[in-house]
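Okay, thanks everyone, let me put this one up on the screen. I'll go through it piece by piece.

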Amino acid sequence: MAPHAKGVHHMAFITRDMEATVQFYTEVMNFPLVVTLHLPKDDPFPGITWGDLSDKKHYFFDCGNGDRIAFFTWSALSEQYAESGAGHHIAFALQTEKELDDARDYLESKGIEVSPVINHFFCKSIYFKDPNGIHLEYSVYLEPCTPEQPFLQDENPVPSAQRILGNKQDQYLLRYAPGSASTGPQAEAEVRAK
Ligand SMILES: [Fe+2]
């Protein structure tokens, strides 16, 4: 049976300037910052989605109804890079891990190449592409990722994020380090303080 997506889990874009992005989305758009990641120096998910994700910041903002907009820092982008589209990938929301497993089986049954289930510790995901080569994802949250209970892994967030997060930076900071998970994500999260 085809997966029954519950809207957009997150839409990921790329940014030349995460500090300006945090300022704009929190101060102008009033979207709370709910996830901060700084991916390891070695790409933790090589080939899973578009581009080399090594050493990238990846921040998520809550844009209402539990939907999130996310950004990756990306170097060497031209000033006008966004005019030709700055989208990276879009993730559709599923509700349970079983639904995610079933979605994976479903895509395979349709002959679509699909990644293993990737554990990001705040969510689990599978990745695939549409016929255009656009990168797609199904994802299910494992953690609240709310303003009250953010998922913070970036030890050195950009200044505006530091200011916004305040005490939460220490309270919710996790550590995300290269590991040896067999399903693809070479990463492990460890609760430092909660
Ligand atoms: Fe994603």
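So this is a predicted model, where local features need pLDDT of at least 70, side-chain atom pairs count only at pLDDT 80 or more, and totals for chains, interfaces and linings use all residues. Residues are numbered from 1 along each chain as its sequence is written.

Start with phenylalanine 60: leaving out residues up to four places away in sequence, Phe60 touches His10, Val34, Val35, Arg68, Ala70 and Cys145. Contact here is C-beta atoms, placed from the backbone, within 7 Å.

Now the sheet. Helices (H or I, at least four residues) and strands (E, at least two) are DSSP runs, numbered from the N terminus, and two strands pair if DSSP finds at least two bridges between them. We have an open sheet of nine strands with mixed pairing, in the order E6-E7-E8-E5-E1-E4-E3-E2-E9. At the edges, E6 (118–119) and E9 (151–152) each pair on one side only. Further in, E1 (residues 8–15) and E5 (residues 87–93) are antiparallel over five bridges, with methionine 11 standing opposite isoleucine 90 of E5.

And the helices? H1 (residues 18–28) lies across E1, E2 (33–38), E3 (57–64) and E4 (67–73), at about 10° to E3. Angles run from 0 to 180 degrees between N-to-C directions, with axes fitted to C-alpha atoms, for helices over the stretch in contact. H2 packs on the sheet too, touching E7 (123–129) and E8 (135–141), and its direction makes about 15° with that of E7. After H2 comes glycine 111, with a positive phi near 80°.

Technical notes. Contact = placed C-beta atoms within 7 Å.
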